[in-house]
Amino acid sequence: MSGGDSGGRAEMHHRHRDVNGGWLRPSVFGAMDGLVSNFALIAGVAGGTASTTVIVLAGVAGLAAGAFSMAGGEYVSVASQRELALAEIDVERRELERHPEAEQQELAKLYEDRGVEPAVAAEVARQISMDPDRALEVHTQAELGVTAQDLPSPRIAAISSFLSFGVGALLPLLPYLLGVTSLVTSAVISCLALFGAGALVSRVTARSWWYSGLRQLLVGAVAAALTFGLGTLLGGVGL
């Protein structure tokens, strides 16, 4: 029955994905970076030498160095972003404590600017301001675009980045670890993984799966081709 909601509350017919979490971005970029960088590294080394031992050593070193570097970089970046946001939230908290009336008027003005009638905006701001915690949350969301509860975790970002980079970097190296000595096998696996990773990313973006897949494949293939050419050039001159 369409009128069966006795409380008169509107039903929510859709849900949004979490866009503030600290795991999605580092996971996506970590996997992509690991796959592209180690594929290109292995291709470059393979262009300069036929030694499987050297290629594997370079691939393992690239995996380890990249994973630790990504994790460290993500931790520092997200931690700095979080600390900046918390500092600004503290500024807003102090303003609410020292100048509550001015902050209430500021909040009413924000609602007015969004099309709410002045009398209604003033009443909404008054009711919100009665609860200091709720007032702080509303002010920081309106003025900074974040709340303390929504800030990403540096630890989650670092772990996600480390694991995803490692998985991505392992794929072009895997054939060599299993005894296959041809770069072609590594290239086929890497290209399939590049397209698949790009297509997977399209599930959390507005792009089509084939566009995202082809774009990622093109980026990775060009990077590997350029480093292979450079490796061949340097190997040919005996460097």
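1. D113 is exposed at 54% relative accessible area, whereas K109 is partly exposed at 44%. (Buried is under 20% relative accessible area, exposed over 50%, and partly exposed in between, with a 1.4 Å probe and protein chains only.)

2. The model is predicted: local features need pLDDT of at least 70 and side-chain atom pairs pLDDT 80 or more, while totals for chains, interfaces and linings use all residues. Residues are numbered from 1 along each chain as its sequence is written, and side-chain values use heavy atoms, leaving out hydrogens and water.

3. The average pLDDT, the predictor's confidence in each residue from 0 to 100, is 88 for the protein, and 88% of the residues score at least 70. Helix α2 (residues 52–98) has the highest confidence, at 95, and helix α1 (residues 24–48) the lowest, at a mean of 89. Where pLDDT is low, the predicted coordinates should not be read in detail.

4. The secondary structure consists of 8 helices and 0 strands. Of the 239 residues, 32% count as buried.

5. The structure holds 3 salt bridges.

6. E103, in helix α3 (residues 100–113), deserves attention. This residue is buried yet has no salt bridge, and R98, the nearest side chain of opposite charge, is 10 Å away. (Lys and Arg count as positive, Asp and Glu as negative; His and the chain ends are not counted.) Leaving aside residues up to four places away in sequence, E103 touches E92, E95, L96, H139 and E143, contact meaning heavy atoms within 4.5 Å.

7. V60, L170, L174, L177 and L178 make a nonpolar surface patch of about 430 Å². (Patch residues have over 30% relative accessible area and no salt bridge; like charges are joined within 9 Å, and nonpolar side chains, Val, Leu, Ile, Met, Phe, Trp and Tyr, within 5 Å. Accessible areas come from the Shrake-Rupley method with a 1.4 Å probe; for residues, only the protein chains shown count as cover.) Helix α6 (residues 154–177) gives the most to this patch, with 3 residues.

Definitions and conventions:
Helix = DSSP H or I, 4+ residues; strand = E, 2+ residues; numbered from the N terminus. Salt bridge = Lys/Arg side-chain N within 4 Å of Asp/Glu carboxyl O.
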